[in-house]
Amino acid sequence: MKKTERAAHIQEQLAERYPDPPIPLDHTDPFTLLVAVLLSAQCTDKKVNEITPALFRAGGTPEAMSKLGVEAILEIIRPLGLAPQKAKAIDGLSRRLIDVYDSQVPDSFEALESLPGVGHKTASVVMAQAFGHPAFPVDTHIHRLAQRWGLTDGRSVKQTEQDLKRLFPRESWNELHLQIIFYGREFCTARGCDGTKCPLCRELYPRRRSPVVHRKA
Ligand code: SF4
């Protein structure tokens, strides 16, 4: 199969398996989504969803969050990884939203990436899931699956994003990103795989015999 044929086959299979993938991080608006995505770095969505109800009860808007301050935010999010850095970033981005963006989350990559603690992946998730703009956020999981499926050589996360955007139609990016995440969680985890255990890989690579090696993000 050529790369474009593999991509089309994967898209078809994922659409069948996950026809309407939900957004995994609980939120009520762009601000709470932005904070939840920031909290999810090096942490599971499940753990983030356990913490955010208390955080958003106390700080559900940029004003309320900035009134809480770094110490109180840290107290609530302490069970999550990288909590001190995340508390500082949430406080900083809340203040910047108030000062520069009239307390609204901006819907542009440039403005989002100018906020404390917000990188390209976080901005991509917010652009896609809060505003419906086409984006392809690539995290370590998508980076791994794209390599195992032969859609990229995995030189870098940036390269993987470019390759996936080239291979899949723009209007499918937002949904596909979620579908790949769900497939990765269910079947294609970070633990080693011989590249033959799923029907999907057997169809893509009927002659594959040796384990797939992937580069880390
Ligand atoms: S066979 Fe392995 S690499 Fe292929 S989809 Fe399944 S878990 Fe992932």
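Helix α2 (residues 30-39) and helix α5 (residues 83-101) have axes that come within 10 Å and cross at roughly 160°, where helices are DSSP runs of H or I with at least four residues, numbered from the N terminus, and axes are lines fitted to C-alpha atoms over the stretch in contact, with angles running from 0 to 180 degrees between N-to-C directions. That angle makes α2 roughly antiparallel to α5, a term kept for angles over 145 degrees. Where the two helices meet, V35, L38 and L39 of α2 face K86, A89 and I90 of α5, contact being counted when C-beta atoms, placed from the backbone, lie within 7 Å. By class, five of these residues are nonpolar, none is polar and one is charged, with Ala, Val, Leu, Ile, Met, Phe, Trp, Tyr, Cys and Pro taken as nonpolar, Asp, Glu, Lys and Arg as charged, and the others, Gly among them, as polar.

This is a predicted model, in which local features need pLDDT of at least 70, side-chain atom pairs count only at pLDDT 80 or more, and totals for chains, interfaces and linings use all residues. Residues are numbered from 1 along each chain as its sequence is written.

The domain assignment divides the protein chain into domain 1 (3-21 + 136-204) and domain 2 (30-129), and the centres of the two domains, taken over C-alpha atoms, are separated by 27 Å. Their contact takes six residues from domain 1 and four residues from domain 2.

Turning to the ligand, the residues around the ligand include R148, F187, K197 and V212, and the shell as a whole has seven nonpolar, two polar and two charged residues.

Note on methods
Angles under 35 degrees count as roughly parallel, over 145 as roughly antiparallel, 65 to 115 as roughly perpendicular and the rest as oblique. Domain bounds come from an automatic or database domain assignment. A residue is near a molecule or strand if its C-beta atom, placed from the backbone, lies within 6 Å of it.
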